[in-house]
Amino acid sequence: MTFESLGLDPALQRAVSDLGWPKPTPIQLDAIPPARDGHDLLACAMTGSGKTAAFLLPTLHRLMAQPKRATRALVLAPTRELAAQVHADLVVLAKHTNIRGAAIFGGVGMGPQEAAFRSHTDVIIATPGRLLDHMSQPGRYVNFTGLEVLVLDEADRMLDMGFLPDIKRVLAQLPAKRQTLFFSATMPKPISDLSRQMLQSPVRINVERQSLPAVGIEQALWPVAEALKADLFIALLRANVIGNVICFTRTKHRSNRLSDVLTRAGIPNAKIHGNRSQNQRTEALGDFKRGKVRVLVATDIVARGIDVEALEHVVNFDVPHVPEDYIHRVGRTARAEATGEAFTLVAPDEETDLRQIEKAIGRKLPRRTLDGFNYKHVPHERLEVPLAERIAVIRAKKAEDRARAKAKLERRGSSSSSSGGSSGGSSSGGASSGGGHARGGAASGGGGAPKSGSPRGSSGPGRRGPARGR
Ligand code: AMP
């Protein structure tokens, strides 16, 4: 089957042939014809399957058939990275058309995004939290009355991340008469329940298929003591057993620490996790894509949705707790039928989680050892500083800061009393502390006024703590 046989607009076929894609992937073959004909879809598709083009191409085809000045398609995605990636794919696929898209996510200014809504951008690709922020702004500039297509990308991930209430609030503000394309890597019960509420007589694609890593991925385990994981990882890099690699760690702390250890070992690396600003994440990913750094250390946030051409390796520095996470991380390599390797470093106390993964993928994974690596040596530094020790360091630092601030205040007090002449120690102390209070009052007053004004009230109940998905 060829792309020509899918009946897409010639401008879209040209974009596909510019990309050099030889033929549609299975999900594209199954999804494009019914979606092009206006049916709802319930599609079970993994990252790497070509799912993005499977929903973008028929959507673009539909928008091109009858041009209008309105936002006509909305793609909801769980993370900033995925929203940016879908937008990048749209730019490439729509390059011979007049269709425009905009990515809407948190961590960057609202202004340009507001302008995208106001100019009726054809396709909005948004994370749910930031979209709700815009929808509740006083200017009421988000207008979905002309919306024809809604896409949920990685619906299971959005539910995992707690976005169900946000999704429902967005849905309540969309026209009921629309086409809905529902994509999810897995179909647990909450997902099928949600899909039932949202879809009308959907065409089901691949729903029965168990989610397994794409073919072409060599998977292997590297058993090693927990304390020697970083050393083994570095040895694998130095021996070129591992090329360019995304390395997943269990926590942000471990990401930071591993990144430091790699830097000290002279291995160029970048890190990406939820505590990093959008700019830092974009820069880290860019450096990795351009080959400026060889290792991208990451927590789970980038496990889905990020598309890095020719990724040779994924390393699970820690065994993921749930098999789905393993499958998604491994799916980062060997995309769209290329080949790659996925390695997992396994400490003895991770064997139980590993057995669950092997059960889910239906086979035992091969175990490897690195020749010449001393599996018995004592590491010269610990990767992870235990939480209690970290807290003690933070407390000590705070106590030090407080002591320094106190000493400074006392120094000021004594210098003003010596320059203040006859007023004496106690009165100068009173003035100083009075000044301190006055400053404190002004600061909190200044902070309090706008709070009771717009920002909080305007973003309303949709505003929650974590920045994920914004
Ligand atoms: P996705 O599953 O949408 O994240 O896509 C995975 C990767 O496959 C992306 O790098 C796409 O550019 C690529 N891709 C999508 N469709 C095809 C195709 N028909 N042939 C070759 N590569 C493709």
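Reader: In this predicted model, is Asp153 buried or exposed?

Author: The model is predicted, so its values are computed ones. Buried means under 20% relative accessible area. Asp153 has a relative accessibility of 0%, so it counts as buried.

Reader: Which side chain meets Asp153 in a salt bridge?

Author: Asp153 lies in the loop between strand 5 (149-152) and helix 7 (155-160), while its partner lies in helix 3, so the pair ties together parts that are 102 residues apart in sequence. The N to O distance is 2.9 Å. The side chain is that of Lys51.

Reader: How many of the 15 residues of helix 3 are buried?

Author: Helix 3 is mostly covered. The number of buried residues is 13.

Reader: How far apart are the end C-alpha atoms of helix 3?

Author: Helix 3 covers residues 51-65, which makes 15 residues. At 1.5 Å a residue, the helix should span 21 Å, and the distance in the model agrees with this. The end C-alpha atoms are 22 Å apart.

Reader: Which residue forms a salt bridge with Arg281?

Author: Arg281 lies in helix 12 (residues 278-289) and its partner in helix 4, so the pair ties together parts that are 200 residues apart in sequence. The N to O distance is 2.9 Å. The partner is Glu81.

Reader: Is Val92 in helix 4 buried or partly exposed?

Author: Helix 4 spans residues 80-93 and holds Val92. Val92 also belongs to a nonpolar surface patch of about 300 Å², together with Leu19, Trp21 and Val91. Its relative accessibility is 33%, so Val92 counts as partly exposed.

Reader: What is the distance between the closest N and O atoms of Glu400 and Arg404?

Author: Both residues lie in helix 15 (residues 387-419), four residues apart, about one turn of the helix. Glu400 is partly exposed, at 46% relative accessibility. Side chains of opposite charge can pair when their charged atoms come close. The closest N and O atoms of this salt bridge are 3.0 Å apart.

Reader: How many salt bridges are found in the whole structure?

Author: Some residues are linked in a network of salt bridges, namely Glu226, Lys229, Arg250, Arg254, Asp318 and Glu350. The pair of Lys51 and Asp153 is a salt bridge too. A search of the whole structure gives a total of 25.

Methods
Residues are numbered from 1 along each chain as its sequence is written. This is a predicted model: local features need pLDDT of at least 70, side-chain atom pairs count only at pLDDT 80 or more; totals for chains, interfaces and linings use all residues. Side-chain values use heavy atoms; hydrogens and water are left out. Patches are made of residues with over 30% relative accessible area and no salt bridge: like charges are joined within 9 Å, nonpolar side chains (Val, Leu, Ile, Met, Phe, Trp, Tyr) within 5 Å. Accessible areas come from the Shrake-Rupley method with a 1.4 Å probe; for residues, only the protein chains shown count as cover. A salt bridge is a side-chain nitrogen of Lys or Arg within 4 Å of a carboxyl oxygen of Asp or Glu. Helices (H or I, at least four residues) and strands (E, at least two) are DSSP runs, numbered from the N terminus. Buried means under 20% relative accessible area, exposed over 50%, partly exposed in between (1.4 Å probe, protein chains only). The expected span of a helix is 1.5 Å times one less than its number of residues.
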